[in-house]
Amino acid sequence: MKTPAVSVCVCTLQEAAQIRPLLDHLSALDGAETLEVLVADGGSTDGTAGHARSHPRADLVLDVPGGRARQLNAAAAQATGDLLVFLHADSRLPSRAIATLLAAAGDRGLAGGNFTLRFDGGDAFSAALGSVYAFQRRHGFYYGDSTIWLRREIFEALGGYRDLEIMDDYDLVRRLEARGRTAALPGPATTSARRWQAMGVTRTLLSWWLIRWLYVAGVPAARLHRWYRVVR
């Protein structure tokens with residue numbers, strides 16, 4: 001294939017039900033021929049990696065045990081695009097995402113950013129999550145489910161993802177925001193509310209806010225991960 005303009009890095013773990021629909025989705029994006037897709041699987045036992053390898057849209061599938069940060073760093077190391085996009089398996093991009101990313105790349109003052117985000121479901125719970133997320137984004141707080149993107153040189157200068165048990169995406173965002181100007185690109189992108197449904201609005205928002213501020217205060221990620229599992 002020609003050298004791609006955009007490399008999409010997907011980390012997976014037990015995502016057999018999601019990976020083929022995701023790859024179908026990426027194939028249908030406007031300008032998909034300029035896209036490179038790399039899947040880094042963390043040791044799934046449900047056939048996720050096999051499903052990805054059998055799909056024509058997956059340009060490279062890697063086996064990378066050891067956690068999400070290692071998966072995404074490994075995918076980024078193999079990517080050849082000028083823009084790196086980190087996409088969750090249960091997230092979907094807007095149809096014109098590639099054109100939007102390329103337009104953003106034309107502004108050399110932009111270091112990276114994310115996409116505006118909508119949680120699926122169409123119910124009050126999903127709408128509440130989306131409203132809170134939008135509020136946080138206006139204050140520079142966002143996470144990997146909103147599809148983080150960076151210029152390759154910025155990602156490399158930042159040293160990529162740090163190998164943390166939790167908050168690896170927010171840790172990258174904090175360093176990205178300190179590096180230069182960012183943008184929440186229009187869309188919106190869509191992500192699943194499935195991880196939060198069982199917790200409800202109150203516990204979900206508590207986990208978002210409390211864990212973030214404890215992390216900022218210096219509580220080790222390993223300790224936060226243990227606490228987070230109890231909350232979930």
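**Note on the predicted model: a sheet, a cavity and some backbone details**

1. D169 lies in helix α7; helices (H or I, at least four residues) and strands (E, at least two) are DSSP runs, numbered from the N terminus. This is a predicted model, in which local features need pLDDT of at least 70, side-chain atom pairs count only at pLDDT 80 or more, and totals for chains, interfaces and linings use all residues. Residues are numbered from 1 along each chain as its sequence is written, and side-chain values use heavy atoms, with hydrogens and water left out.

2. Is D169 buried or exposed? D169 counts as buried, at 8% relative accessibility. Buried means under 20% relative accessible area, exposed over 50%, and partly exposed in between (1.4 Å probe, protein chains only). D169 touches R68, Y143, G144, I148 and Y161, not counting residues up to four places away in sequence; contact means heavy atoms within 4.5 Å. D169 and R68 are 101 residues apart in sequence, and their C-alpha atoms are 9.3 Å apart in space.

3. Two or more lining residues come from each of α3 (68-78), β4 (83-88) and α7.

4. By class, the lining of the largest cavity has four nonpolar, two polar and three charged residues. Here Ala, Val, Leu, Ile, Met, Phe, Trp, Tyr, Cys and Pro count as nonpolar, Asp, Glu, Lys and Arg as charged, and the others, Gly among them, as polar.

5. The model has an open sheet of eight strands with mixed pairing, in the order β3-β2-β1-β4-β7-β6-β8-β5. β3 (60-63) and β5 (91-92) stand at the edges with a single partner strand each, so one side of each has no neighbour in the sheet. Two strands pair if DSSP finds at least two bridges between them. Strands β1 (residues 6-12) and β2 (residues 35-41) pair in the parallel sense over seven bridges, and S7 has E36 in β2 as its bridge partner. Helix α7 (residues 168-179) packs on the sheet and touches β6, β7 and β8.

6. In strand β6 (residues 110-119), eight of the 10 residues are buried. β6 pairs with β8 (residues 181-191) in the parallel sense over eight bridges, and with β7 (residues 148-151) in the antiparallel sense over two bridges. G112 stands opposite T182 in β8, and its bridge partner in β7 is L150.

7. Most residues other than glycine have a negative phi, and most peptide bonds are trans. T147 has a positive phi of about 65 degrees; T147 lies in the loop between α5 (124-138) and β7 and is buried, with a relative accessible area of 0%. M167 has a positive phi of about 70 degrees; M167 lies in the loop between α6 (152-158) and α7 and is buried at 6%. A cis peptide bond joins G187 and P188, with omega about 0 degrees, and P188 is in strand β8.

Methods
Axes fitted to C-alpha atoms, helices over the stretch in contact; angles between N-to-C directions.
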